[in-house]
Structures are given as C-alpha cells and as structure tokens.
Amino acid sequence: MTDARDLAVNIITIEEGFRENPYLCSEGFPTVGIGFRCDSLESPSMTPEDAQERLLVLVDEVIGVVEKSSLGDVWELCSPLRRAVLISSCFQLGFRGISAFKGMFRALRQEDYPQAAIEMRDSRWYHQTPNRVGRQSEMLEHDELLDYYK
C-alpha cells in the first residue's frame, strides 16, 4: 500500500471507525458511517460498502482540490504517506481548515518536516484530538506508517 489514496482511506477508516447508525461525534455533530456528518440522528443508516464508496469519492475530491489549489506545490513535494496525512487532515478539518496552517505549509515547502509536525501540533485541533493529531504529525515528520495503521 504505497498510493496516497489507499493510505489515506486506510488512515481515515482506522481513525474514524465505522458506525452503521447515526451518532453524535465528539464535537456533537450527527455522524454516520466513517465519520460523515449527516442531517440528524434520524438520518438513514449506512452499510460498510456504501461508506467505503463514499469515502473513496471524498478522498478523490480532496486530492483534486489540493492539486489545483495554492497548495499544489506542497503536494508535489510530499511522499505518498505525507500526502495521505494531508488528505486525512482535510477530511477532519476541511480544506479551508487545513489551509489555515500557514506555518506547516511553509515548513513543508522547505522540506522541514520536524517543523511541519510542530506546526501541526501547535493548534486547537491538536488539543481537540491529541492522539490522532499526534499520530499524523509523527508520520508527517518521519515519513513512516505507524504500526497503529498496519
């Protein structure tokens, strides 16, 4: 598994888990499947197959947006695993949310991965989900898939 898309799908699936029926996520939003926001707790359930299909579509959309954005140069510099971390980050925060990490992207442009990891952890996001962001920042820094995701 060396393709950024496959790595991202694996990372997101492990981080989010799967729930067939709607539930409230840690931030209080109605959610279903593999961390997909939904309208309400009364929203329809989702099969694992539908969830994987939806995740693939979303990951492809994120890749397209990032490649065509002002972050395209960073994308080109990154390994497949680092790209997967960026995709996973976009999944959790949205493109606008991850775009606000100016220091992280400055460090990535300079290929200063330790600093990029520091910038990722220097955030409200890290304080909301420290384990997840800690794992992601470690992979961003060292370019090694953690055993957690194997």
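A: Gladly, and let's begin with the aromatic rings: a search of the whole structure finds three aromatic pairs. Rings of Phe, Tyr and Trp (its six-membered ring) pair if their centres lie within 6.5 Å; planes under 30 degrees apart are stacked, over 60 edge-to-face, and the rest tilted. Keep in mind that this is a predicted model, where local features need pLDDT of at least 70, side-chain atom pairs count only at pLDDT 80 or more, and totals for chains, interfaces and linings use all residues. Residues are numbered from 1 along each chain as its sequence is written, and side-chain values use heavy atoms, with hydrogens and water left out.

Q: How are the rings of Phe-101 and Trp-125 arranged, stacked or edge-to-face?
A: A pair of aromatic rings is described by the distance of the centres and the angle of the planes. For Phe-101 and Trp-125 the centres are 5.7 Å apart and the planes are at 80 degrees, so this pair is edge-to-face. Phe-101 is in the loop between helix H4 (80–99) and helix H5 (102–109), while Trp-125 is in helix H7 (residues 124–128), so the pair ties together parts 24 residues apart in sequence. Helices here are DSSP runs (H or I, at least four residues) and strands likewise (E, at least two), numbered from the N terminus.

Q: Are Phe-101 and Trp-125 buried or exposed?
A: Both are buried. Buried means under 20% relative accessible area, exposed over 50%, and partly exposed in between (1.4 Å probe, protein chains only).

Q: What about the rings of Tyr-148 and Tyr-149?
A: Their centres are 5.1 Å apart and their planes at 85 degrees, so this pair is edge-to-face. Tyr-148 counts as partly exposed at 44% relative accessibility, whereas Tyr-149, at 2%, counts as buried.

Q: Which charged end sits over the ring of Tyr-23?
A: The test is that NZ of Lys or CZ of Arg is within 6 Å of the ring centre and within 35 degrees of the ring normal. Here the charged end of Arg-19 sits over the Tyr-23 ring, 4.2 Å from its centre. Arg-54 likewise lies over the face of Phe-36, 4.4 Å from the ring centre.

Q: At what angle do H2 and H4 pack?
A: Axes are lines fitted to C-alpha atoms, for helices over the stretch in contact, and angles run from 0 to 180 degrees between N-to-C directions. Under 35 degrees counts as roughly parallel, over 145 as roughly antiparallel, 65 to 115 as roughly perpendicular, and the rest as oblique. H2 and H4 pack at about 90 degrees with axes 10 Å apart, and are therefore roughly perpendicular. Among the residues that meet are Leu-55 and Val-62 in H2, and Ile-87 and Phe-91 in H4; contact means heavy atoms within 4.5 Å.

Q: And how do H4 and H5 pack?
A: Their angle is about 120 degrees, with the axes 12 Å apart. That makes H4 oblique to H5. Leu-86, Ile-98 and Ser-99 in H4 meet H5 residues including Met-104 and Leu-108.

Q: Is Ser-88 buried or exposed, and what does Ser-88 touch?
A: Ser-88 lies in helix H4 and is buried, with a relative accessible area of 1%. Not counting residues up to four places away in sequence, Ser-88 touches Ile-11, Ile-12, Arg-132 and Gln-136.
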